[in-house]
Amino acid sequence: MTLLCVPILVHDAAAALADAAAAKAAGADLAELRLDGWFQGTGDAAEMAAVADLVRDCPLPVIVTCRAASEGGHYDGPDDARVALYEYLGTSQHPPRYLDLELATYERSANLRQKVHLAIDYPARRRADAPSLILSIHDFNTRPADLARRIARIAVNDAASIIKVAYRARSIRDNLELLDVITETGKPTIALGMGEFGLMSRILAPKFGGFLTFASLRPTTTTAPGQPTIAELLNRYNFRSIKRSTRVYGVIGWPVEHSISPAVHNAAFDAIMHDGVYVPLPVPASDDPEASYASFKATVLELLGQPGMYFSGASVTIPHKENLVRLAREQRWLMYEESESTGAANTINATTGNVVIYNTDIPAIVECIQAEAGLLAGKRVAVIGAGGVGRGATWGLAKAGAIVVLFNRTPDRAIAAATQLTATLTPGVGTITAGHWDDLGTVTFDIFVNCTPLGMKGGPSPDESPLPEGTVRRLTPATIVMDTVYNPSETPLLRACKAAGAKTIPGVEMFIRQASLQSLKWTNQTPPDGLVRMACQNELSRGGPA
Ligand code: NAP
């Protein structure tokens with residue numbers, strides 16, 4: 001079982017003990033007492049005794065760490081003093097379960113090593129209750145160049161019971177190396193990525209047999225960038241259910257740090273008892289579209305090819321929806337009409353071994369509108385925004401028989417999209433034309449769909465609405481206005497249109513439907529609607545995507 005360890009930065013013994021008790025109550029297996037902000041290394045016996053008392057009184061088994069400033073800690077005193085502390089604790093009546101020391105310090109001098117060996121469960125002098133030694137490697141900036149050689153030195157060292165390596169992950173692909181490290185060393189191993197890109201290795205440690213993962217008690221008490229809280233690991237990622245057989249899914253996009261999808265999909269998997277975990281998979285956008293495509297492609301193909309990962313699917317979001325269609329064409333993956341016609345897809349399904357891609361945004365929008373409007377044949381619809389979602393909405397609604405006019409701030413984009421999408425329609429079903437952005441103030445339609453980020457929390461114009469006041473005044477109780485923006489759930493557009501008497505459909509309805517359709521593709525089961533709704537609303541009320 002992979003242990004869950006809460007690090008506690010000790011500044012005061014009583015507060016540290018209170019945190020350790022809270023960590024235990026929250027479900028932690030271990031506490032790492034980080035002494036480097038407290039222990040001064042003065043050589044004072046009272047200082048050492050205070051640490052020993054803290055270890056003795058801690059309600060959880062303890063890792064003692066006095067991290068050197070050179071590896072991201074706060075201790076910049078002499079090494080002799082902290083190794084003397086380790087020796088004191090290791091030979092005390094209530095020794096800690098583990099002592100953590102940096103490999104670099106351990107290798108610095110034979111004299112120091114000798115003292116460390118006195119403190120631990122060293123082969124030459126076995127003691128049943130002596131601490132086990134964690135030899136560790138940290139780099140807060142990047143992947144250490146000589147990582148493999150350093151890990152190999154720990155692996156063959158009899159004094160080290162556990163290998164720890166933590167470095168700042170530069171991409172999702174670094175996680176794959178870290179997870180390989182766990183399986184290849186032949187010793188209990190902790191291998192964790194730091195920063196936003198490293199979260200995957202922290203969540204998936206149990207799947208690959210990692211010795212432990214760290215989780216902070218509070219968002220403000222992390223000891224490494226990207227460290228999740230214990231509540232996030234246990235509740236959002238169902239950490240205790242992750243095992244070797246667990247399938248891995250995720251949301252690929254940029255940014256995805258605040259995506260509500262992990263909470264929603266993991267809650268859905270839990271409800272239908274699907275052995276899966278869903279993680280954020282950030283793949284940055286770049287000014288150079290070819291560079292963006294290259295990193296998207298490399299990430300997806302490596303995830304699919306990673307032994308033991310069982311990477312089974314992903315939600316794909318901005319800016320990679322078009323990259324997914326390009327990749328599917330290159331790899332000859334099966335793709336449905338929605339993606340083929342609109343050039344955008346948002347779902348990878350690899351559960352059967354063959355990769356299939358879908359666009360669940362389109363049926364989600366069409367179903368939301370049909371639920372209010374009934375049959376769409378002959379209905380006049382204004383779609384505002386000709387980006388990925390706008391083009392998908394336009395195509396899906398026209399395919400259902402609507403007369404769609406596409407408006408876009410940049411007119412050429414609307415004209416090009418209308419021409420291209422019309423070519424994919426069966427003649428005589430629906431129609432698509434481009435409208436003039438400036439006409440939005442004078443038009444009347446049966447249905448309006450906002451597919452721009454106007455009104456979105458954290459977006460460029462959170463207080464703006466795409467519909468001018470004149471148009472809002474002309475809305476009737478039969479008019480339907482849908483906003484695809486889902487945070488906030490009531491956008492300025494929806495507020496104004498509701499006040500004018502129109503029927504409104506919030507973007508969260510689309511989110512729920514597209515997520516449920518993805519879950520159905522991956523698991524063959526539809527998650528309970530109420531549960532998906534509640535998970536969405538909980539996340540949005542917590543702040544949702546910024
Ligand atoms: P996109 O490809 O970036 O397209 C954005 C569109 O909005 C473009 O047409 C753009 O016009 C227009 N736009 C941007 N800023 C504008 C402004 N200040 N004034 C007027 N028009 C502006 O994005 P997308 O993937 O289509 O996503 C669009 C929206 O859909 C997102 O904001 C998101 O909230 C929503 N969404 C909802 C869900 C859901 O499940 N509810 C899922 C995905 C997306 P130009 O062409 O002139 O740049």
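In strand S6, Val165 is the bridge partner of Ile137, and strand S5 (residues 132–139) pairs with S6 in the parallel sense over 7 bridges, where pairing requires that DSSP finds at least two bridges between two strands. Helices (H or I, at least four residues) and strands (E, at least two) are DSSP runs numbered from the N terminus. The model is a predicted one, in which local features need pLDDT of at least 70 and side-chain atom pairs count only at pLDDT 80 or more, while totals for chains, interfaces and linings use all residues. Residues are numbered from 1 along each chain as its sequence is written, and side-chain values use heavy atoms, with hydrogens and water left out.

- Strand S6 (residues 160–168) is mostly covered, since 7 of its 9 residues are buried, where buried means under 20% relative accessible area, exposed over 50% and partly exposed in between (1.4 Å probe, protein chains only).
- Strand S7 (residues 189–194) runs parallel to S6 and is joined to S6 by 6 bridges; in S7, Leu192 is the bridge partner of Ala166.
- Helix H6 (residues 147–155) belongs with S5 and S6 to a right-handed β-α-β unit, a crossover being right-handed if, with the strands pointing away from the viewer, the path from the first strand over the helix to the second runs clockwise.
- A right-handed β-α-β unit is likewise made by S6, helix H7 (residues 172–184) and S7.

**Helix H11 and Asn266**

- Helix H11 is mostly covered, with 8 of its 11 residues buried; these are Ser261, Pro262, Ala263, Val264, His265, Asn266, Ala268 and Phe269.
- The buried residues of H11 pack against H10, S9, strand S10 (276–282), S11, H20 and helix H21 (529–541), with contact meaning heavy atoms within 4.5 Å.
- Asn266 lies in H11, which spans residues 261–271, and Asn266 counts as buried because its relative accessibility is 1%.
- Leaving aside residues up to four places away in sequence, Asn266 touches Arg236, Tyr237, Asn238, Gly276, Val277 and Tyr278.
- A polar atom of the Asn266 side chain lies 2.8 Å from the backbone nitrogen of Tyr278; a polar contact is a pair of N or O atoms within 3.5 Å, and within protein one must be able to donate a hydrogen and the other to accept it, with residues adjacent in sequence counting only if both atoms are side-chain atoms.
- Met273, whose phi is positive at near 60 degrees, follows H11.

**Backbone details in loops**

- Trp254 and Pro255 are joined by a cis peptide bond with omega about 0 degrees, and Pro255 lies in the loop between strand S9 (247–253) and H11.
- A cis peptide bond also runs from Asn487 to Pro488, with omega near 10 degrees; Pro488 is placed in the loop between strand S19 (480–483) and helix H19 (492–499).
- Asn238 is a residue other than glycine with a positive phi, near 45 degrees, and its place is in the loop between helix H10 (230–236) and S9.
- With a relative accessible area of 16%, Asn238 is buried.
- Tyr310, again a residue other than glycine, has a positive phi near 50 degrees and sits in the loop between helix H12 (289–305) and strand S11 (311–316).
- Tyr310 counts as partly exposed because its relative accessibility is 47%.

**Surroundings of the ligand**

- There are 24 residues around the ligand, of which Val389, Asn408, Arg409, Thr410 and Arg413 come nearest; a residue is near a molecule or strand if one of its heavy atoms lies within 4 Å of it.
- An oxygen atom of the ligand lies 2.9 Å from a backbone N or O atom of Ala386.
- In the side chain of Arg409, an N or O atom is 2.8 Å from an oxygen atom of the ligand, and in the side chain of Thr410 an N or O atom is 2.4 Å from an oxygen atom of the ligand.
- Taken alone the ligand exposes 930 Å², of which the protein buries 82%; accessible areas come from the Shrake-Rupley method with a 1.4 Å probe, and for residues only the protein chains shown count as cover.
- Helix H16 (388–399) and helix H20 (507–523) are the elements that give two or more residues to the shell around the ligand, and the largest share of that shell, 4 residues, comes from H20.
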